[in-house]
Amino acid sequence: MSLASVILVGPMGSGKTAVGRALAEKERLDHVDLDEVVAQARGLSIPEIFDAEGESRFRALEHEALSQAVAGRPAVISAGGGVVVSGSNRILLRQSDALVVWLDADVEVLACRVGDGEGRPLLAVDDVTGALRTKVAERAEGYNEVADIRIDASDRSVAECVELISAARADNVERAAQCR
């Protein structure tokens, strides 16, 4: 993958899919949503994969989808919230030439965005905010490990996030060209 690619990581509700789609459109790149790739490959929704095959099988499928996306042509890749749980995924993300962006937000904002957690197997609990708080805390080190930049999307619109990422992407592409 070239520096023209962007990989979005971050917790559920941070805006990875919405920002990814808008960024891909602005930059005229393909958009790859890893959850959609996994669901389509299995012919099942993400909750159905979790129910029928378990989280570990989902993570294996997610790794396969990430590997293919990283090896593919330049794109904007929206990764699932738990992509950084896997050490092999963190290695793939660090070794890619893509700009890895950690979209982050306050837990209360994330909770408002995900609502009751429907369609999100790891949030199928009574206390969605508590579950989010736990997942964010467990994964923060992984996001930090792989991210080139971090954007707090708590009070930013999709358009504002896109502009920040576009500027960072342009800066990275320019620096890469100077090093050649």
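The entries follow in the order in which I looked things up.

I am working with a predicted model, in which local features need pLDDT of at least 70, side-chain atom pairs count only at pLDDT 80 or more, and totals for chains, interfaces and linings use all residues. Residues are numbered from 1 along each chain as its sequence is written, and side-chain values use heavy atoms, with hydrogens and water left out.

**Aromatic pairs.** I searched the whole structure and found 2 aromatic pairs. The criterion takes rings of Phe, Tyr and Trp (its six-membered ring) with centres within 6.5 Å; planes under 30 degrees apart are stacked, over 60 edge-to-face, and the rest tilted. F50 and F58 make a tilted pair, 5.1 Å centre to centre with 40 degrees between the planes. I then checked burial, where buried means under 20% relative accessible area, exposed over 50%, and partly exposed in between (1.4 Å probe, protein chains only). F50 is buried at 14%, and F58 is buried at 4%.

W102 and Y143 also form a tilted pair, with 5.5 Å between centres and 40 degrees between planes. This pair links distant parts of the chain, as W102 is in strand 4 (residues 99–104) and Y143 in helix 6 (residues 128–146), 41 residues apart. Helices (H or I, at least four residues) and strands (E, at least two) are DSSP runs, numbered from the N terminus. I noted both W102 and Y143 as buried.

I also looked for a charge at the W102 ring. The charged end of R150 sits over that ring, 4.0 Å from its centre. The test asks for NZ of Lys or CZ of Arg within 6 Å of the ring centre and within 35 degrees of the ring normal.

**Helix 1.** I compared the length of helix 1 (residues 16–27) with expectation: its 12 residues should span 16 Å, and its end C-alpha atoms are 16 Å apart, which agrees. The expected span is 1.5 Å times one less than the number of residues. Which residues of helix 1 are buried? They are K16, V19, G20, L23, A24 and E27. Seen down the axis, the buried residues of helix 1 fall within an arc of 130 degrees, so they line one face of the helix. The arc is that of the directions from the helix axis to the C-beta atoms. Just after helix 1, R28 has a positive phi of about 55 degrees.

**Salt bridges.** I count 13 salt bridges in the structure, each being a side-chain nitrogen of Lys or Arg within 4 Å of a carboxyl oxygen of Asp or Glu. I looked up several of them.

- D30 bridges to R73, with the closest N and O atoms 2.4 Å apart. D30 is in strand 2 (residues 30–33) and R73 in the loop between helix 3 (46–71) and strand 3 (75–78), 43 residues apart. D30 is partly exposed at 35%, whereas R73 is exposed at 59%.
- R59 bridges to E55, with the closest N and O atoms 3.1 Å apart. They are 4 residues apart in helix 3, so about one helical turn separates R59 and E55. R59 is buried at 13%, and E55 is partly exposed at 31%.
- E145 bridges to R94, with the closest N and O atoms 2.0 Å apart. E145 lies in helix 6 and R94 in helix 4 (residues 87–95), so the pair ties together parts 51 residues apart in sequence. E145 is partly exposed at 35%, and R94 is partly exposed at 42%.
- R42, E53 and R57 are linked in a network of salt bridges.
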